[in-house]
Amino acid sequence: MNIILLSGGSGKRLWPLSNDIRSKQFIKLFKTERSEYESMIQRIYRQVKRVDEDVDITVATAKSQVSSIINQLGDNIGISVEPCRKDTFPAIALAGMYLYDVKNISEDETIVVCPVDPYVSDEYFESFDELDRIVQNTDTNLVLMGMEPTYPSEKYGYIIPKSRDKFSDVETFKEKPDAKTAQTYIDKGALWNGGVFAFKLKYIVDKAHQLLDFKDYKDLYESYQKQEKISFDYAVAEKENNLKVMRYSGKWKDLGTWNTLTEEMSDQVIGKGILNETCKNTNIINELNIPILCMGLQDIVVAASNEGILVSKKEQSSYIKPFVDSIDQQIMFAEKSWGYYRVIDYTSDSITVKVTLNKNCNMNYHSHEHRNEVWTVVSGEGIAVIDDEKIELAPGVVVNLPCFCRHTVIAKTKLEIIEIQMGHGITVHDKIKYEYDYKNIVDKWGDNLCSSR
């Protein structure tokens with residue numbers, strides 16, 4: 001069995017902690033048994049591996065999220081990269097062709113597709129074995145997992161099965177209804193559509209060739225921008241006659257808004273924050289290095305980052321997206337395969353950034369055409385390479401990087417650098433990458449270098 005985790009979307013409903021690069025699944029809000037915080041995608045990945053250590057996992061994701069995935073899950077995770085966002089059917093088709101053409105997975109292998117953002121118990125992943133059994137031992141083309149609804153929600157699509165058995169043929173699908181209509185669906189035994197699909201690899205390969213214009217994985221990747229934007233539900237599930245749904249009644253919650261997410265947070269305050277004794281059902285999530293004090297608040301979420309501050313009634317927080325869409329904001333935080341950076345200050349002709357590289361990690365060897373940079377090492381040790389000249393880095397070392405010079409940095413320990421960028425029209429796209437052999441530097445440290453992407 002292979003699992004495809006769908007990790008797309010911008011997650012703007014969790015602004016200001018999420019953005020186009022840092023989607024909601026990468027925000028570390030859930031406390032582990034070791035009292036550390038982990039993200040949605042880390043939690044899901046850990047649960048999958050706890051249930052089945054040997055299962056193969058591929059993450060289908062946008063190009064802008066690859067660095068965050070490597071940073072949080074490591075370099076050994078399989079990744080199917082979408083050149084641009086095209087909804088769930090093209091994403092699943094591309095991931096299927098990646099498994100078939102690149103990974104050479106058997107066409108008879110069971111593929112289970114699921115999103116990365118539900119909050120679930122291990123029972124959810126244990127039930128994947130049942131999906132696998134139906135796919136392998138019956139002639140069913142497609143098996144869905146339907147969630148037992150707990151209330152007449154207007155947020156989900158509904159699957160209406162022909163019976164109330166655990167496995168049932170599907171009578172029909174229904175779009176997101178109003179609450180009154182949703183209740184009539186529930187009375188008929190309807191299930192929430194949780195976006196979980198199981199099928200043999202051959203099924204998605206055949207569907208991809210039927211519905212998309214391409215030859216093989218490479219061709220699909222290169223022509224991806226031209227493909228139709230359409231969901232898997234519309235393109236495949238609702239048109240499939242030979243399908244079943246499995247009824248799932250275990251823990252499942254969609255954490256798409258601050259309202260639902262804060263219900264599953266073990267701590268009321270993350271970061272610097274104080275709630276006085278008159279606050280009720282109020283949460284502070286603070287990434288700023290300044291304290292937030294709340295007094296006399298009830299049913300409120302306060303979320304703060306370098307990109308903004310949200311103060312909202314929890315039930316109102318689900319309506320945030322159109323307001324966030326109207327905000328034109330510099331990306332202030334992003335995870336990379338080598339670590340992360342946080343923008344401290346920016347003007348029209350300068351940006352000040354705090355860069356943190358993880359031990360034994362490196363940036364690409366690159367140059368800029370439109371900006372000069374100055375690096376000041378705050379802590380840690382490493383090596384800077386500037387036009388092939390090596391410079392030892394330690395706290396207090398200052399490095400000047402003029403336009404066009406080729407440069408990179410390799411962290412011997414965790415390395416923190418204040419980077420000042422100066423120029424007109426500074427943009428992340430002002431970068432030319434070059435090949436560089438890091439091996440001779442890292443070998444003398446006796447450790448393995450992490451990949452840079």
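**Exercises: a surface patch and paired strands**

Ile274, Leu293 and Met295 together make a nonpolar surface patch with about 330 Å² of accessible area. This is a predicted model, in which local features need pLDDT of at least 70, side-chain atom pairs count only at pLDDT 80 or more, and totals for chains, interfaces and linings use all residues. Residues are numbered from 1 along each chain as its sequence is written, and side-chain values use heavy atoms, with hydrogens and water left out.

**Exercise 1.** Find the strand that holds Ile274.

*Solution.* Start with what counts as a strand: a DSSP run of E with at least two residues, numbered from the N terminus. Then look at residues 273-275: they are strand β15, and Ile274 is found there.

**Exercise 2.** Trace the pairing of β10 with β9 and β12.

*Solution.* Two strands pair if DSSP finds at least two bridges between them. First, β9 (residues 158-161) runs antiparallel to β10 (residues 167-174), with four bridges. Pro161 has Val170 as its bridge partner, and a hairpin of five residues links β9 to β10. Next, β10 pairs with β12 (residues 243-248) through three bridges, again antiparallel. Here Asp169 stands opposite Lys244.

Key: Patch = residues over 30% accessible without salt bridge, like charges linked within 9 Å, V, L, I, M, F, W, Y side chains within 5 Å. Areas by Shrake-Rupley, 256 points an atom, 1.4 Å probe, with all protein chains shown as cover. Salt bridge = Lys/Arg side-chain N within 4 Å of Asp/Glu carboxyl O.
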